[in-house]
Amino acid sequence: MPVKIRLQRHGKKGKPFYWVVAADARAKRDGKFLEKLGTYNPNTNPAQIDLDVDGSVKWLQNGAQPTDTARRILSYKGVLLKHHLLGGVAKGALTAEQAEEKFNAWVEDKAGIVEAKQSDLDKAKEEAKAKALEAEKAINEKRIADAKAEAPAEEEVAEEAAPEAEAEAPAADAQEENKADA
């Protein structure tokens, strides 16, 4: 039975979420699987990957073939490195302790790289937020300045209109008196 390590899609439309599974190659994409090895969420930045490294290595040693995307995920999490190191142990090139030491050193380096990327993303997000706040403050100050510039102009127009209204008022009173006399 040919076994593949592949992704099984879950989640809703537009928000994919994947299970990394070992499945018979003849099974449907979202169908029956032999073992769930982990999860992959591409909606976050960086993508969130939870993977059973030892279980994945076991399937690789038994001859399971990963798909292209699954291969990238396994490589990112170090499964392929561990599989390679265990092959060296089987051939006698390394001891199990040396292989484990190399793998743990690689995992620590990878964790440092991921943390650096996360901190860079957080800094970029904060800078974008600060720029947006500055732009909003500038727009608000411009609106306030425009409102102050319009306010004196409106007062001048109101003052000019006031004498005209007073001049019209006696004429209206005279017309009312004429109507009352008639």
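**Pocket lining and aromatic pairs**

In this predicted model, α4 gives the most to the lining of the largest pocket, with five residues.

Student: Is the aromatic pair of Y18 and Y40 stacked or edge-to-face?

Tutor: Good one to look at. The angle between the ring planes of Y18 and Y40 is 25 degrees, at 5.9 Å centre to centre. Planes under 30 degrees apart count as stacked, so the pair is stacked. The partners sit 22 residues apart, Y18 in strand β2 (residues 15-24) and Y40 in strand β3 (residues 35-41). Both Y18 and Y40 are buried, and the name for their pair is stacked.

Student: Is W19 buried or partly exposed?

Tutor: Let's look at its pair first. W19 and F33 form an edge-to-face pair, 6.0 Å centre to centre with 85 degrees between the planes, and this pair links strand β2 to the loop between β2 and β3. Buried means under 20% relative accessible area. W19 has 24% relative accessibility, so W19 counts as partly exposed.

Student: Which residue lies over the face of W19?

Tutor: Nice follow-up! A Lys sits over a ring if its NZ is within 6 Å of the ring centre and within 35 degrees of the ring normal. At 4.0 Å from the ring centre of W19, the residue over its face is K36.

How values were computed. Residues numbered from 1 in each chain as written. Predicted model: local features only at pLDDT ≥ 70, side-chain atom pairs only at ≥ 80, totals over all residues. Heavy atoms only, no water. Helix = DSSP H or I, 4+ residues; strand = E, 2+ residues; numbered from the N terminus. Phe/Tyr/Trp six-rings, centres within 6.5 Å; stacked < 30°, edge-to-face > 60°. Buried < 20%, exposed > 50% of the residue type's maximum accessible area, 1.4 Å probe, protein only.
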